[in-house]
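Please keep the sequence and the model in view while reading.

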Amino acid sequence: MKHSTLKEKDIRYSHLLLMLAAVPILFLIIGLGYAVNFTRIGEIIEGFANIILSPTILLTDFIKVGGIAAAFINVGLVGLLNLLIMRHYRIKINGVWIAAFFTAIGFSFFGKNLYNILPIYLGGFLYTLYQKNSFKDIFAIVMFGTALAPFISEISFSGLLPAGPAIAVAMLAGVFIGFVLVPLSSHMLRFHDGYNLYNIGFTSGIIGTVLTSVLRNFGVNVQPVYIVSEQNYPIILGILLLIFTTLMAAGLWINHRAVKDYPKIFAYQGRLITDFTHLVGYGTTFVNMSMLGFISLLYVLLIGGTVNGPVLAGIFTVVGFGAFGKHLKNCWPVMAGVIMTALFFGFELSATNIVISVLFSTTLAPIAGTYGPVIGFLAGILHMILVTNVGVIHGGINLYNNGFSGGLVAGILVPVVDAFKKE
């Protein structure tokens with residue numbers, strides 16, 4: 001239900017679009033400037049080529065593969081491509097689009113590039129032609145569906161086939177993924193009943209498991225990798241602080257009561273579909289996104305983690321879903337459950353795979369929002385147990401491994417909790 005006392009400035013579509021565009025433009029400009037001032041142009045071209053030609057299987061950090069400048073440029077290009085498509089179809093920018101956009105930005109550090117996302121977009125477009133629908137109606141699903149982009153890169157560059165046939169097969173596989181993704185995602189939503197915010201991650205995990213099994217039967221060894229940067233770059237920390245501060249300022253500019261109104265967002269459970277831009281307005285939504293960003297970054301730095309590509313994907317995804325279901329009240333119990341379980345099993349909290357497990361575990365925030373902090377904490381425990389083991393099933397071709405795990409946790413835990421509640 002939309003809050004009855006919501007009062008804020010009207011924002012033009014062009015202004016919202018410019019606000020989103022500022023993020024990829026910032027990365028693009030800094031990436032080009034960084035390359036000119038600190039490295040040679042040849043190195044950035046080589047780094048960008050390495051990103052495009054990488055198999056991009058989990059965990060492949062583009063900062064490590066191509067260097068920080070090439071990674072920034074990749075983020076800028078992927079982000080602007082998505083915005084151009086949104087602008088072309090005049091798509092209304094609400095919670096789901098903000099979440100999809102920031103997720104795409106984050107995973108452009110960590111698995112997605114122009115080469116491996118375009119075939120999936122084409123598959124989605126062909127699906128709309130077949131169904132006689134508009135591409136704008138499913139574009140958000142297709143944006144999220146690029147979780148399976150590594151499958152295209154893996155076929156293209158794993159050496160399974162000669163270069164020409166490999167690229168042709170990879171393109172066809174990407175089109176197939178985009179074509180089947182929409183009907184499958186609608187069906188998979190019933191399994192977890194909206195308690196897993198990364199529904200496409202769960203769907204992609206199922207598809208990825210099937211596709212990986214096919215490859216393995218052809219003798220292709222598809223296994224997760226661990227190629228991550230271990231260096232904290234001050235420029236990255238500075239950009240994150242700038243983005244989160246700007247979101248806070250924008251929220252207060254749109255609604256000068258946004259901070260006072262902020263606690264009202266805690267009343268929402270966060271279950272799909274919870275669009276905060278509609279429920280509490282853009283002002284409070286941006287404040288929520290800013291708060292989640294600051295808290296996420298603070299957590300990573302306090303436990304001694306590295307803000308590398310996978311961690312950036314985690315932070316940007318949390319921030320994006322701050323417009324679409326997540327807030328501090330429904331996130332912390334799940335994160336606490338993951339952290340305590342990691343400590344119990346002797347994992348190092350600062351390890352990148354554990355850091356991103358904590359950040360992405362907030363996909364289960366609706367469980368905490370609906371059933372309270374105790375059940376949310378239990379969801380975090382189950383998530384930590386599953387997420388460290390399910391990646392091998394799909395071989396790392398599903399970038400949203402936590403969404404896959406989250407779907408399993410929600411699909412198992414929620415019916416059991418409901419059964420006990422009825423008794």
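A residue counts as buried when its relative accessible area is under 20%. In this predicted model, Phe-72 has a relative accessibility of 0% and therefore counts as buried, and Phe-27, with a relative accessible area of 3%, is buried as well.

## Aromatic pairs around Phe-27

The structure holds 29 aromatic pairs. In one of them, the ring centres of Phe-27 and Phe-72 lie 5.1 Å apart with their planes at 75°, so the pair is edge-to-face. Because Phe-27 lies in helix H1 (residues 13–38) and Phe-72 in helix H4 (residues 68–88), this pair ties together parts that are 45 residues apart in sequence.

Phe-27 also forms an edge-to-face pair with Phe-109, at 5.4 Å from centre to centre and with 80° between the planes. Here the partner Phe-109 sits in the loop between helix H5 (95–107) and helix H6 (114–131), 82 residues from Phe-27, and Phe-109 is buried, as is Phe-27.

Elsewhere, one aromatic cluster is formed by Phe-107, Phe-110, Phe-144, Tyr-198, Phe-321, Phe-324, Phe-360 and Tyr-400.

## The chain as a whole

The protein chain contains 20 helices and zero strands. Its radius of gyration is 20 Å, close to the 22 Å that the globule rule gives for 423 residues, so the chain is as compact as a globular protein of that length. Of the 423 residues, 58% count as buried, and among contacts with a separation of 6 or more, 82% join residues 24 or more positions apart.

The chain exposes about 16900 Å², of which carbon and sulfur atoms supply 68%.

Note on methods:
Residues numbered from 1 in each chain as written. Predicted model: local features only at pLDDT ≥ 70, side-chain atom pairs only at ≥ 80, totals over all residues. Heavy atoms only, no water. Helix = DSSP H or I, 4+ residues; strand = E, 2+ residues; numbered from the N terminus. Rg over C-alpha atoms; globule rule 2.2 N^0.38 Å. Buried < 20%, exposed > 50% of the residue type's maximum accessible area, 1.4 Å probe, protein only. Contact = heavy atoms within 4.5 Å. Areas by Shrake-Rupley, 256 points an atom, 1.4 Å probe, with all protein chains shown as cover. Phe/Tyr/Trp six-rings, centres within 6.5 Å; stacked < 30°, edge-to-face > 60°.
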